[in-house]
Amino acid sequence: MASHELTEADQGEYHYTVGPYPDPVLHIESGDTVTVETHDAFEGAIETEDDAPSEVLGDYLNPQNGPIYVEGATPGDALAVTIEDIVPRGDQPRGTTCMIAEFGGLTGTDRTALLNDPLPEVVKKLDVTTDGVRWDDERVIPYEPFVGTISTAPELNSVDALTPDDHGGNMDLPDVCPGNTVYLPVNTEGAYLYLGDCHANQGDGELCGVAIEHPTETTITVDVVEDWDLSWPRVESDEFVMSVGSARPMEDAARIAYRDLVDWLVEDYGFETWDAYLFLTQVGSVRLGNMVDPNYTIGASVSKEYL
């Protein structure tokens with residue numbers, strides 16, 4: 001089991017779609033560990049609070065590192081990606097949150113078309129350390145980092161890096177964090193693993209569409225789970241198991257997640273289908289990943305104390 005580094009220089013151009021067609025930037029074996037230098041969601045284009053996103057951003061958001069080719073991963077397997085550590089990258093690390101025209105949960109968008117004028121563009125730059133994120137002179141937000149976007153390649157399609165779906169993608173689930181493992185379906189030889197969009201913190205829903213975006217050094221360990229044919233991503237911690245669904249409307253994302261969690265309880269934990277359905281009705285929990293992207297993401301979980 002080897003350790004690798006995927007630096008910004010090694011990466012070269014970042015990817016704004018996720019698919020099986022780019023050449024891999026790194027080949028690894030099952031069980032290997034990789035430290036990845038991720039960029040923020042804007043690839044550093046928003047440098048100051050005076051920068052208007054509409055003026056400095058390009059056509060694409062959410063740069064992805066990868067693809068990483070995992071030897072031995074074949075369709076019908078799963079990748080188990082354990083998030084080992086996430087730390088801010090840079091001599092004076094800064095985080096960025098902002099409001100972008102026609103983007104966010106409380107404004108009209110191209111998919112929720114309204115006649116109101118867009119909300120104003122506002123940029124907030126924040127000092128980020130592992131001790132916390134300084135919001136202002138009185139408030140410090142805990143540094144609770146996670147990987148906002150992580151995915152394997154679909155079998156044929158290239159998917160916008162902003163779109164979460166059954167391959168993973170821009171789920172923006174705070175539970176994809178150090179100490180936890182995300183399970184992703186393998187749809188193509190080598191899996192083609194992508195990741196990026198790490199957040200220093202984020203509330204449920206990523207309400208304005210932009211969390212505290214920051215460049216990181218993110219360390220992951222990647223294992224191939226043979227013959228585990230997943231329909232949707234899953235997450236596991238010491239405390240819970242979680243199934244993830246992404247769709248519109250939001251209730252369909254919740255239905256996908258809960259149905260997959262019922263299947264998981266039946267497959268691995270000795271439940272009968274209708275008993276699992278009844279049981280999760282009493283003790284299941286729901287986590288809202290994002291409510292702003294082309295699809296919304298819901299994580300449905302159950303505590304391991306019941307399993």
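Here's a quick look at the aromatic ring pairs in this structure.

This is a predicted model, so to speak of local features a pLDDT of at least 70 is needed, side-chain atom pairs count only at pLDDT 80 or more, and totals for chains, interfaces and linings use all residues. Residues are numbered from 1 along each chain as its sequence is written, and side-chain values use heavy atoms, with hydrogens and water left out.

The structure has 7 aromatic pairs. Rings of Phe, Tyr and Trp (its six-membered ring) pair if their centres lie within 6.5 Å; planes under 30 degrees apart are stacked, over 60 edge-to-face, and the rest tilted.

| Pair | Centre to centre | Angle between planes | Type |
|---|---|---|---|
| Tyr183 and Trp228 | 5.0 Å | 75 degrees | edge-to-face |
| Trp228 and Trp264 | 6.3 Å | 55 degrees | tilted |

Tyr183 sits in strand S14 (residues 181-185) and Trp228 in the loop between strands S16 (216-225) and S17 (234-236), so their pair ties together parts 45 residues apart in sequence. Trp264 belongs to helix H3 (residues 250-269), 36 residues from Trp228. Helices (H or I, at least four residues) and strands (E, at least two) are DSSP runs, numbered from the N terminus.

Together, ring pairs link Tyr183, Trp228 and Trp264 into a cluster. How buried is Trp264? Its relative accessibility is 2%, while Trp228 has 17% and is buried too. Tyr183 is also buried. Buried means under 20% relative accessible area, exposed over 50%, and partly exposed in between (1.4 Å probe, protein chains only).
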